[in-house]
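Subject: Handover of a structure, with findings

Dear colleague,

Please find below the structure that I am handing over to you. My findings follow it, and I would ask you to read them with the structure open beside you.

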Amino acid sequence: MTGPLLTSVLISAAAMTAIVAVRYLVTSGGFAWATKHVRPGLYATLDTQIRKEIFWSLASAAVYGIPAGIIAWGWQNRGWTLIYSDFSDYPLWYLPLSLFAFLFAHDTWFYWTHRWMHRPKLFRIAHAVHHASRPPTAWAAMSFHPIEALTGAIVIPALVFVIPIHVAMLGLVLAIMTLMGVTNHMGWEMFPRTLVHSRLGGWLITASHHQRHHEAYTCNYGLYFRFWDRICGTDKGISDAFAR
Ligand SMILES: [Zn+2]
Ligand SMILES: [Zn+2]
């Protein structure tokens, strides 16, 4: 690889790392601020834990940013990926379908790698960092050991080579990923009870569901949907603390 070419790839990787880091700080910071108002004192004794959550999350920003930056460079400069930007390239009904396909594929990958990381030896190496958050806070969204971060970081960069997606839908996938990553850990439910306790809510993962994973460890492994948990018998419902 020639000098200027390598430089432009490195700049893209560094820029994406900065974007992921700022996105994390703004989103987690915003919901941590909201928590102060909605649940005063919820994080009162967690200062030391929060510092660690921010440290691991910023390290994860690089693990996520580098592959994403390289793929973004290739998309812009080499025509890599199946990302498209002209709405007429695929029918309009394909927009929501591609969004769902990305979320479902990511959820499937997450469920099985997450279950795998709960095997005792691997847990100690790769996943204990994430579970050191007891209880998790809005800052724990990307609090992962680099090995775990890597399993998450490769998903979207791989999927854009397999499933065609409009760049706006890809932005929506990333927004949903960021929003749910933060809010599922923040220690309170932002969605209305009528949704969480509805039929649809029985298939969706929100804070009420993921909190139970952090309490009990051996259930509720999913990311967005309860599909795999339900068919594999690992769904233990929502946290008792949240049900009240
Ligand atoms: Zn978690
Ligand atoms: Zn876990």
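Helix α7 consists of 17 residues, and in this predicted model the distance from its first C-alpha to its last is 24 Å, close to the 24 Å expected at 1.5 Å a residue. Which residues of α7 are buried? They are Met169, Leu170, Val173, Gly181, Val182 and Thr183. The elements that cover these buried residues of α7 include α1, β1 (83–84), α3 (94–116), α6 (155–159), β2 (165–166) and α9.

One of these partners, α1, may be examined in more detail. Helix α1 (residues 3–38) packs against helix α7 (residues 167–183) at an angle of about 45°, and the two axes are 10 Å apart. That angle makes α1 oblique to α7. The crossing of α1 past α7 is right-handed. On the side of α1 the contact is formed by Arg23, Thr27, Ser28 and Phe31, and on the side of α7 by Thr178, Val182 and Thr183. Sorted by class, the contact of α1 with α7 comprises 2 nonpolar, 4 polar and 1 charged residues. Val182 and Thr183 also belong to the buried residues of α7.

Helix α3, another element that covers the buried residues of α7, has 23 residues and reaches 33 Å from its first C-alpha to its last, close to the 33 Å expected at 1.5 Å a residue. Within α3, the residues Ser98, Phe102, His106, Tyr111 and His114 are buried. The buried residues of α3 pack against α6, β2, α7 and α10.

A further helix pair is formed by α2 and α5. Their axes come within 9 Å and cross at roughly 35°. Here, too, the crossing is described by its hand: α2 passes α5 in a right-handed crossing. From α2, the residues Ala59, Ser60, Val63, Tyr64 and Pro67 make the contact, and from α5, Pro146, Ala149, Leu150 and Ala153. By class, the contact of α2 with α5 has 8 nonpolar residues, 1 polar residue and no charged residues.

Helix α2 (residues 47–78) also contains glutamine 49. This residue counts as partly exposed because glutamine 49 has 19 C-beta neighbours inside 10 Å, whereas a buried residue needs 20 or more. In sequence, glutamine 49 and threonine 7 are 42 residues apart, and in space they are 37 Å apart, C-alpha to C-alpha.

Finally, I draw your attention to the backbone. Most residues other than glycine have a negative phi, and most peptide bonds are trans. Where does the model contain a cis peptide bond? Such a bond joins arginine 134 and proline 135, with omega about -5°. Proline 135 is located in the loop between α4 (120–131) and α5 (146–153).

Two residues in the loop between α9 (207–216) and α10 (227–232) deserve a look as well. Tyrosine 217 has a phi near 70°, a positive value in a residue other than glycine. Asparagine 220, which is not a glycine either, has a positive phi of about 55°. Are these residues buried or exposed? Tyrosine 217 is partly exposed, with 13 other C-beta atoms within 10 Å, whereas asparagine 220 is buried, with 24 other C-beta atoms within 10 Å.

Yours sincerely

Note on methods: Residues numbered from 1 in each chain as written. Chains lettered and ligands numbered in written order. Predicted model: local features only at pLDDT ≥ 70, side-chain atom pairs only at ≥ 80, totals over all residues. Axes fitted to C-alpha atoms, helices over the stretch in contact; angles between N-to-C directions. Helix = DSSP H or I, 4+ residues; strand = E, 2+ residues; numbered from the N terminus. Parallel < 35°, antiparallel > 145°, perpendicular 65-115°, else oblique. Left-handed = near helix turned anticlockwise from the far one by under 90°. Contact = placed C-beta atoms within 7 Å. Nonpolar A, V, L, I, M, F, W, Y, C, P; charged D, E, K, R; others polar. Buried ≥ 20, exposed ≤ 12 C-beta atoms within 10 Å, placed from the backbone. Expected span 1.5 Å × (residues − 1).
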